[in-house]
Amino acid sequence: MKVDVRTICCIGAGYVGGPSMAVMADKCPHIQFNVVDMNPERIESWNSNKLEELPIYEPGLSQIIERCRGKNLHFSCDVKGNISKADMIFISVNTPTKKRGLGAGQASDLKWIEACSRQIADHAKGHTIVVEKSTLPVKTALTIKSILEAYIIKGKNNKTNVKSFSILSNPEFLAEGTAINDLINPDRILIGGDDQESINSLMDIYINWISADKILTTDIWSSELSKLIANAFLAQRISSINSISALCENTEANINDVAKAVGMDSRIGEHFLNSGPGFGGSCFKKDISNLIYICNHYGLYEVASYWEQVISINEWQQKRIISTIVEKLYGTISEKKITILGFSFKSNTNDTRESPAINICKNLLEEGCYLSIYDPKVDSNQILKDLKKENINYEKQIDNSKQIETHNSVLESVVNTDAIVILTDWEEFYDLNLREIYELMRPPCWIFDTRNVINVEAAKSYGFNIWKLGNGKFK
Ligand SMILES: NC(=O)c1ccc[n+]([C@@H]2O[C@H](COP(=O)([O-])OP(=O)(O)OC[C@H]3O[C@@H](n4cnc5c(N)ncnc54)[C@H](O)[C@@H]3O)[C@@H](O)[C@H]2O)c1
């Protein structure tokens, strides 16, 4: 059924729900957008008058919030009320990997999707288009549909049923750190479904700022699967280049030159060929794990083990960075001080979910060193929460709270440190005051650059020892 959409509800005010609805609201002033979440603190931060307190840092986001909030963009905990007012509902809730039970460690935990579907079934009125924006295993639309239909049947028995639903898949391809630009200028918009009129209703929204030739429509299963596969391919490129970074170190080649030469081949392309400490973020590992689970479910064991390697290389890359640091610092880092520059999983985001920094820092702490951490956007409470002692054998004699310090600037963080480890490619790290840093450190002043941000010649001239990931000349 074609619906003239006037009111939209988005369930989930996270990294996807918040920015994607903000951009839609900015581009569609004739539509009201209500973003709801069951987490009151998150909603309170979205409603904060201090824009620096928004729960998510993304370049360009606060300006849009300032323009639209209170006009056609609203953040609230009233999930039921906003579902009942909505012509269209986006589901943007989290879909993490299951921690226990069947499929633990691989399958998606769909408990939040199920809870949302039940809330929608209970409170929606009239005809409602339900749009899956979360990344979901192929065939999840069937689960949502069966929950919605079960409620309708029950409603019919009670003679109160006035509801109907159509379900679309519209996965989100934004990348954190460039979310606003990605939402305004997407490579494509993907809409999967079998009800053309509902598809048209969703297209009518995107057409306000995106040209029709960028809107791809497919059946619902292809759409659900495409999102998982896009993430798997992106992660695969990172693991591919990272595996070659190790080979470069052993052969005196330079990973940047290799990546450039390879990427200039138009069949390969230049993007996503930066080596580093491995992929992070909430999606890549989760989505590949889910892909592996689905392949195993269908008996495609060779396909599953092919994708398993992408995760293994990612973990191995972090392990070899940790052992390089220990080895270079005379085989022990116990009681030494190490500065970590960058804690988020990539630059321009405050998101630390699955950040390589967490794993690397935890392993360094287990070796008994002190960590001095600086990240321009990650809150220090978040850092301490991510590194909390649970299940980790940090040195017994060192109190965990004293073993980790967080700082507000690079210079503060390097005082009396033995080594600097650069883990995130924040812009300010490309332009460090190396002369001053060298004076503040304890010799022999090591820099471990996993992000290719340091000018090695300059660093050497000040007296630093430098290890540069993927560079055979600085190994
Ligand atoms: N983060 C990304 O870069 C990204 C990009 C593309 C797709 N995705 C996918 O989008 C989905 C959301 O990701 P995210 O990073 O925004 O997650 P998130 O954890 O930041 O946000 C999800 C929000 O949903 C809320 N929520 C869960 N169940 C709810 C319910 N029943 N009622 C109300 N609120 C509820 C949670 O409180 C949370 O605030 C995931 O499936 C993810 O894989 C994420």
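**Questions about a predicted model**

Author: Helix H5 (residues 111-123) supplies 4 residues to the shell around the ligand, which is the largest share. Please keep in mind that this is a predicted model.

Reader: Thanks! Which residues come nearest to the ligand?

Author: Gly-12, Gly-14, Tyr-15, Val-16 and Ser-134 come nearest, out of 28 residues around the ligand. To belong to those 28, a residue needs its C-beta atom, placed from the backbone, within 6 Å of the ligand. By class, the shell has 13 nonpolar, 11 polar and 4 charged residues.

Reader: What makes Asn-416 exposed rather than buried?

Author: Asn-416 has 11 other C-beta atoms within 10 Å, and a residue is called exposed at 12 or fewer. With 11, Asn-416 is therefore exposed. Its place is in the loop between helix H16 (410-413) and S12.

Reader: And Asn-452: why is that one called buried?

Author: Here the count is 21 other C-beta atoms within 10 Å. Buried begins at 20 or more, so Asn-452 is buried. Asn-452 lies in the loop between S13 and helix H18 (456-462).

Reader: How do you know that the bond from Pro-443 to Pro-444 is cis or trans?

Author: Omega decides it: the value is near 15°, and the bond is cis. Most peptide bonds are trans. Pro-444 sits in the loop between helix H17 (434-440) and S13.

Reader: Why is helix H1 called largely enclosed?

Author: Because 10 of the 11 residues of H1 are buried, the rest of the structure largely encloses this helix. Among the buried ones are Gly-17, Met-21, Val-23 and Asp-26.

Reader: What makes strand S2 mostly covered?

Author: 5 of the 5 residues of S2 (residues 32-36) are buried. Gln-32, Asn-34 and Val-36 are buried on one side, and Phe-33 and Val-35 on the other, so both faces are covered.

Reader: How do you know that S1 and S2 pair?

Author: Pairing needs at least two bridges, and 5 bridges join strand S1 (residues 7-11) to S2. The two strands therefore pair, and they run parallel. Val-36 in S2 is the bridge partner of Ile-11.

Reader: What makes S11 and S14 edge strands?

Author: In the open sheet of 6 strands, the order is S11-S10-S9-S12-S13-S14, with parallel pairing. S11 (404-407) and S14 (465-468) each pair on one side only, and they are the edge strands. From one strand to the next, the twist averages 20°. S10 (residues 370-374) pairs with S11 over 4 bridges, and Tyr-374 stands opposite His-407 in S11.

Reader: Which helix lies across S12, S13 and S14?

Author: That is helix H12 (residues 301-328), running at about 165° to S13.

Technical notes. Residues numbered from 1 in each chain as written. Predicted model: local features only at pLDDT ≥ 70, side-chain atom pairs only at ≥ 80, totals over all residues. Nonpolar A, V, L, I, M, F, W, Y, C, P; charged D, E, K, R; others polar. Axes fitted to C-alpha atoms, helices over the stretch in contact; angles between N-to-C directions. Contact = placed C-beta atoms within 7 Å.
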